Amino acid sequence: MGTSMATAPASVLQQRPSAYWLLVAPSFLLVLVLYALPVLNILWLSFTDPQPGLGNYRKIIESDTVARLIWTTLRICLLTTLFSVALGYVVAYGMLHARANIRQRMMSILLVSFWISVLVRSFAWLMLLGNNGLINGALMWAGLISEPIPLVRNEVGVLIGMTEYMVPYAVLPLLANMQGIDQRVLSASRSLGASGAQTFLRIFLPLTRPGIVAASLLVFIGSLGFYVTPAILGGGRVQMIAEYISVQLLVTVRWGTAAMLATVMLISVLALMYLLSRFVKLSTLFGGGAS
């Protein structure tokens with residue numbers, strides 16, 4: 001009785017496809033208006049403003065400014081990925097071997113970090129890394145330096161701020177991968193005479209390679225769209241694509257160039273997301289339930 005009642009709505013929808021489309025039409029139209037149409041408009045502007053053609057896309061090759069901007073963005077994102085994954089690997093490895101209560105506290109700290117505004121973090125780092133900040137003050141007080149080290153308004157400050165923000169994004173996929181490793185394999189390695197270092201380098205590290213790839217892709221994707229951190233810690237001297245797009249829209253009013261760069265970023269992110277999906281379930285990373 002209960003089973004037949006549960007399957008009745010599904011059978012009705014199968015017999016009447018129009019009823020199904022009436023149910024999904026509002027959601028489909030909402031997605032179309034809020035997401036698809038703006039993306040299509042950006043794509044259209046990249047080919048038509050200021051005149052139809054591929055002029056905006058030729059700037060990637062012909063314009064030294066755009067080429068330098070793309071290279072700067074890629075370099076900073078790659079370095080951020082390298083540092084974030086390296087630090088995230090250490091944190092994830094420590095969490096894996098920590099006691100349950102310690103692991104829970106470390107996870108709580110990671111989750112709390114997601115709730116702190118990137119603007120607040122950037123200003124905090126500006127106060128810490130400035131010429132009169134805590135770090136330079138401590139180094140000068142200890143006699144290690146005679147004058148402040150320039151840690152902000154350059155790539156160093158941008159890298160510090162971006163790395164600190166992206167480390168939690170590296171920890172989560174790495175920890176999930178490490179927890180999935182069969183501990184009996186590691187025990188077998190040690191029982192056969194391998195040292196702790198040999199077991200780590202020859203067994204554990206290769207088994208975490210999918211997690212490293214997933215974490216690297218996730219951090220790199222997140223780093224591409226950074227705007228606030230480079231603007232504050234870079235002090236106008238370090239410009240990435242997101243900030244340049246803002247300048248093109250609000251200052252120079254070159255909508256075609258801004259749309260072209262936004263399209264290139266979108267295509268890059270979609271390609272990287274597809275590559276990421278080959279190593280880890282995206283629903284797991286973004287809060288979906290395990291299927």
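Start at the second largest pocket: select P38, I42, A258, A259 and A262, which lie nearest its centre among 14 lining residues. For the definition, picture a 1 Å grid over the protein atoms alone: a pocket is an open set of points where a 1.4 Å probe fits, with protein on both sides within 12 Å along at least five of seven lines, and lining residues have an atom within 4 Å of a point. Now colour α2 (17-48), α13 (241-250) and α14 (255-277), the elements that each give two or more residues to that lining. Helices here are DSSP runs (H or I, at least four residues), numbered from the N terminus.

A word on the ground rules: this is a predicted model, where local features need pLDDT of at least 70 and side-chain atom pairs count only at pLDDT 80 or more, while totals for chains, interfaces and linings use all residues. Residues are numbered from 1 along each chain as its sequence is written, and side-chain values use heavy atoms, with hydrogens and water left out.

Back to the pocket: its volume is about 260 Å³, taken as the space filled by probe spheres set on the points, with grid points joined across faces, edges and corners. Colour the lining by class and you get twelve nonpolar residues, two polar and no charged ones. Nonpolar covers Ala, Val, Leu, Ile, Met, Phe, Trp, Tyr, Cys and Pro; charged means Asp, Glu, Lys and Arg; the others, Gly among them, are polar.

Stay with α13 and pick Q248, which sits in that helix. Is Q248 buried or exposed? Q248 is buried, at 3% relative accessibility; the scale is buried under 20% relative accessible area, exposed over 50% and partly exposed in between (1.4 Å probe, protein chains only). Leaving out residues up to four places away in sequence, Q248 touches V253, R254, W255, T257 and A258, where contact means heavy atoms within 4.5 Å.

Next, show I76, F204, I241 and L261, which touch the most other members of the 53-residue largest nonpolar core. Such a core is a set of buried Ala, Val, Leu, Ile, Met, Phe, Trp, Tyr and Cys residues joined through side-chain atoms within 4.5 Å. The elements giving two or more residues to this core include α4 (64-97), α11 (209-224) and α12 (228-233), but the largest share, eleven residues, comes from α8. Zoom in on L261: beyond its neighbours within four places in sequence, L261 contacts V66, L69, I241, Y244 and I245.

While α8 is on your mind, select T163, which lies in that helix. T163 is buried at 8% relative accessible area, and touches T80, F83, S84 and L87, again not counting residues up to four places away in sequence.

Last stop: salt bridges (a side-chain nitrogen of Lys or Arg within 4 Å of a carboxyl oxygen of Asp or Glu). The count is four; here are some to click on.

- E164 and R121 meet at 3.7 Å, N to O. The pair links helix α8 (residues 155-179) to helix α6 (residues 118-129), 43 residues apart. R121 is buried at 8%, whereas E164 is partly exposed at 31%.
- E62 and R58 meet at 4.0 Å, N to O. Both are in helix α3 (residues 55-62), four residues apart, so about one helical turn separates them. E62 is exposed at 57% and R58 partly exposed at 45%.
- D182 and R184 meet at 2.8 Å, N to O. D182 is partly exposed at 33%, and R184 is exposed at 64%.
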